[in-house]
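The questions below ask what stands behind each label, and each answer sets a value against its cut-off.

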Amino acid sequence: MDQKDYMVIEEIYGAHNYHPLDVVLSRGKGVWVWDVEGKKYLDCLSGYSAVNQGHSHPRILKALQQQAKKLSLTSRAFRNDQWPLLAKELCELTGYEMVLPMNTGAEAVETALKTARKWAYQKKGVPQDQAEIIACANNFHGRTITIISFSTEPLYRNDFGPFTPGFKVIPYGDLEALRSAITPRTAGFLVEPIQAEAGIIIPPEGYLRQAWEICKENNVLFIADEIQTGLGRVGKILACEYEGVKPDIILLGKSLGGGYLPISATLSSREILGVFKPGEHGSTFGGNPLACAVAREAIKVIREENLAERAATLGAFFLNKLKTIKSRYIKEVRGRGLLIGVELKPEAGGARRFCEALKEEGLLCKETHDHVIRFAPPLVIKEKEIRWACKQVKKVFRRLA
Ligand code: PXG
């Protein structure tokens with residue numbers, strides 16, 4: 001079968017909830033992936049940052065294989081010998097006291113929302129069913145009904161109502177808006193340290209720190225969604241470290257599974273996460289020994305291969321190289337670590353056609369919103385691979401000019 005055959009079958013039998021680039025991949029190693037016809041590409045998306053350690057990392061693969069042979073799933077009805085160790089190691093990595101494991105990012109977000117509400121009723125004294133949570137315009141936190149209830153993107157919401165009440169949306173980067181949105185019933189403020197899906201939007205310097213302080217003054221939980229920015233992507237283990245912010249709750253996902261399995265985590269203090277009693281929340285696969293063994297190795301690799309430091313240095317190199325590309329179509333090149341966006345002017349005709357042209361040159365990128373090309377390769381990328389990527393980008397901008 002060639003690529004066309006797979007695409008035809010997918011279009012017939014698969015729901016059309018995505019619009020992927022027309023490339024059918026069957027193999028990956030490090031920063032490289034191969035299509036079914038053997039053509040090689042540099043992966044500049046990393047599964048939306050779920051493959052920070054690179055495809056098919058040998059150490060993580062070994063952990064997966066060894067654990068798969070021993071024990072894969074117990075449910076939380078019984079204990080297993082991997083979850084306690086992952087819990088401890090994750091807390092040591094991030095400086096938190098307690099963790100609740102789930103599978104997808106959206107489930108970690110839901111966990112944080114439930115935590116904040118329960119905390120509000122039990123600790124803050126908010127009257128039952130009155131808790132409010134503040135989120136930011138142009139957020140991306142996942143796809144559940146509750147999460148899209150505070151999305152501002154019509155595409156994510158249209159025809160999915162009725163929505164979950166209890167949320168307020170304020171502009172991102174606006175401290176005054178935060179101050180005035182807080183009431184005695186506010187349980188938490190949910191924020192992405194960088195809005196990746198919105199087009200790599202970096203808030204004004206000091207925003208996170210001051211927002212955190214406003215939350216502290218008002219006894220409001222500061223909840224950082226680090227699902228895409230965390231685990232090294234932006235040059236630190238947590239993006240919030242850039243401003244010395246220690247959120248009350250952080251959310252991790254994506255690369256926690258080392259590119260192999262879905263596993264997510266909600267981390268907080270004992271005081272906050274301690275609100276859960278047996279039976280109040282959970283998931284069949286959350287904390288399963290296979291995912292936990294993989295996650296333990298995944299975070300070891302991030303630490304021992306200095307992936308956060310690599311992202312900082314190589315990201316700066318990549319960013320500066322992209323900034324040297326001269327094109328009347330480029331509005332701005334911005335990023336932090338290896339999370340980089342090239343925003344195009346409207347006359348460029350959209351980022352999609354650039355991604356399609358880059359694919360032809362062997363570089364896989366995805367547009368985010370209509371006008372931003374995102375560059376987010378695995379953090380194991382080498383300088384010479386970045387040089388090669390930039391050459392292809394230059395070529396495409398010349399060709400499409
Ligand atoms: N928070 C952030 C910041 C994210 O980027 C999620 C939460 C949700 O994670 P899950 O594992 O539930 O997808 C994300 C996910 C998609 C898609 O295909 C998702 C993301 C980025 C791009 C596309 O729905 N990020």
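**Labels and their cut-offs**

Thr324 belongs to the loop that runs between H12 and S11, where helices (H or I, at least four residues) and strands (E, at least two) are DSSP runs numbered from the N terminus. This is a predicted model, in which local features need pLDDT of at least 70 and side-chain atom pairs count only at pLDDT 80 or more, while totals for chains, interfaces and linings use all residues. Residues are numbered from 1 along each chain as its sequence is written, and side-chain values use heavy atoms, with hydrogens and water left out.

Q: Why is Thr324 called partly exposed?
A: The relative accessible area of Thr324 is 43%, and buried means under 20%, exposed over 50% and partly exposed in between (1.4 Å probe, protein chains only), so Thr324 falls in the middle class.

Q: How far apart are the C-alpha atoms of Thr324 and Ile147?
A: They are separated by 39 Å, and the two residues are 177 residues apart along the chain.

Q: How many aromatic pairs does a search of the whole structure find, and what makes Tyr329 and Phe354 an edge-to-face pair?
A: The search finds eight aromatic pairs. Rings of Phe, Tyr and Trp (its six-membered ring) pair if their centres lie within 6.5 Å, with planes under 30 degrees apart counted as stacked, over 60 as edge-to-face and the rest as tilted; the ring centres of Tyr329 and Phe354 are 6.0 Å apart and their planes stand at 85°, so the pair is edge-to-face.

Q: What parts does the pair of Tyr329 and Phe354 tie together?
A: Tyr329 lies in the loop between helix H12 (307-323) and strand S11 (330-336), and Phe354 in helix H13 (residues 352-360), so the pair joins parts that are 25 residues apart in sequence. Both residues are buried, and Tyr329, Phe354 and Phe397 form one aromatic cluster.

Q: Why does the charge of Lys246 count as sitting over the ring of Tyr96?
A: The criterion asks that NZ of Lys or CZ of Arg be within 6 Å of the ring centre and within 35 degrees of the ring normal; the charged end of Lys246 sits over the ring of Tyr96, 4.5 Å from its centre. Lys40 likewise lies over the face of Trp32, at 4.3 Å from the ring centre.
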